[in-house]
Amino acid sequence: MAYGSDSGNVTLVVSVEDTGIGIPIHAQGRVFMPFMQADSSTSRNYGGTGIGLSISKCLVELMSGQINFVSRPNVGSTFTFTAVLQRCERNAINVSKSALLHPLPSSFQGLSTLLVDKRPVRATVTEYHLQRLGIASKSVRTIEQALGVLLGRNGTSLTSMPRKQLSMLLVESDSWGLKMDVPLRTRFLEMKQNGCESVFPQVILLSLADSDKMKAEYAVDSVITKPLKASTLAACLFQSLGISITQANNEKKHHGPDSLYGLLLGKNILVVDDNKVNLRVAAGTLKKYGAKVECVESGKDALERLQVPHKFDLCLMDIQMPEMDGFEATRQIRAIEAKAHEQRDNADNSDAGSTAKKAQWHLPVLAMTADVIQATHEECTKYGMDGYVSKPFEEKQLFKAVQKFLGPSASS
């Protein structure tokens, strides 16, 4: 929209609509007030502090805009805001894009995939990300059509793809179908017995839901959580396809040890936070740089995962959690490691002829916190933490925090 007579500005109008319970009439006048809730009872069904819309209003007004809404109880709400933005030159757009692009790995060149997605627009977006990684792709709408392509029925085959054998079968969760996992595996087995070349590709589910739960529910090799980004997709495929250590090391050299990608690629990281949104944000950031991430929602669950011996290279621990906070969890982790060292020493003393060097267990634990004052740092040190990172993650600060533990100079 043109903004007055000044052609240098444009007014952006954004409208977000949903269906649901809506906002009660009596509460509509106070939704933009700080710390106010439409439902202010102590037993309300929905959480929050009542400052989200107040902050949104401030941000919109800083952009010379306005925010408002219309809502009908038990029907839904539509929020609309405007923002006055300055036009930029076309070359500025190109410079901006090139500055934001992360270098992508080249280990997937020559791979081929078949995508099952009943929604053409969504399939086009997924194929675009695959293309950026050098992965040839073909999309179909149903599992049956995918099996037809694998079998070469109706003149359809994968001969146009770089490889004869299919590397992956990507399936959107809403295109999966009821109880599809058993017949799909059965058909793969039949194809193998009939001498079909393209057998047993990696079956990967694309889903918005939690990956661990979806993998348990569906008989698939892996689950990639959406929304998709090329860098995140690459990190997931490294793990799903079992890209060789040599290839991974080549990727590290390509990106260099002085980058987060070089530090985190292939590392096993445990993230501990009782807030599911924080877990998703942290996991998404770490996976973007090639890390293998597991998430737990309590200090007690973290202790179960960190019994010696374990596979993790690093632990990011939220400080404030119910039942057992991050400080106490870290204290108990150090106690577990101390006990393992004591048992090792006793074993060495009982076997005088043994000269084998035993592992020194000390998992780097970094606190995740928004409180970066000196008192917090001292508290972290007191309970055996190795440092802290601020929430949300900032690339430079995260790199500085993990470099001493995961960099080339770190002891194995």
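**A friendly note on the aromatic cluster, a surface patch and a sheet**

1. Phe-32 and Phe-79 are both buried, where buried means under 20% relative accessible area, exposed over 50% and partly exposed in between (1.4 Å probe, protein chains only). Please keep in mind that this is a predicted model, in which local features need pLDDT of at least 70, side-chain atom pairs count only at pLDDT 80 or more, and totals for chains, interfaces and linings use all residues. Residues are numbered from 1 along each chain as its sequence is written, and side-chain values use heavy atoms, with hydrogens and water left out.

2. Four aromatic pairs are present in the structure. Rings of Phe, Tyr and Trp (its six-membered ring) pair if their centres lie within 6.5 Å; planes under 30 degrees apart count as stacked, over 60 as edge-to-face and the rest as tilted. One of the pairs is Phe-32 with Phe-69, tilted, with 5.9 Å from centre to centre and 55 degrees between the planes. Phe-32 lies in the loop between β2 (6–19) and α1 (52–62), while Phe-69 is in strand β3 (residues 67–72), 37 residues apart. Helices (H or I, at least four residues) and strands (E, at least two) are DSSP runs, numbered from the N terminus.

3. Phe-69 is buried, as is Phe-32. Phe-32 also pairs with Phe-79, this time edge-to-face, at 6.4 Å centre to centre and 75 degrees between the planes. This pair too links distant parts of the chain, since Phe-79 sits in strand β4 (residues 76–86), 47 residues from Phe-32.

4. Helix α1 gives the largest share, three residues. Leu-59 is found in α1, and Leu-59 is partly exposed, with a relative accessible area of 48%.

5. Further along, five strands make an open sheet in the order β11-β10-β12-β13-β14, with parallel pairing. β11 (292–296) and β14 (387–390) each have a single partner strand, so one side of each edge strand is left without a neighbour in the sheet. From one strand to the next, the twist averages 25 degrees. Two strands pair if DSSP finds at least two bridges between them; four bridges join β13 (residues 365–369) to β14. Ala-367 has Tyr-388 in β14 as its bridge partner.

Key. Axes are lines fitted to C-alpha atoms, for helices over the stretch in contact, and angles run from 0 to 180 degrees between N-to-C directions.
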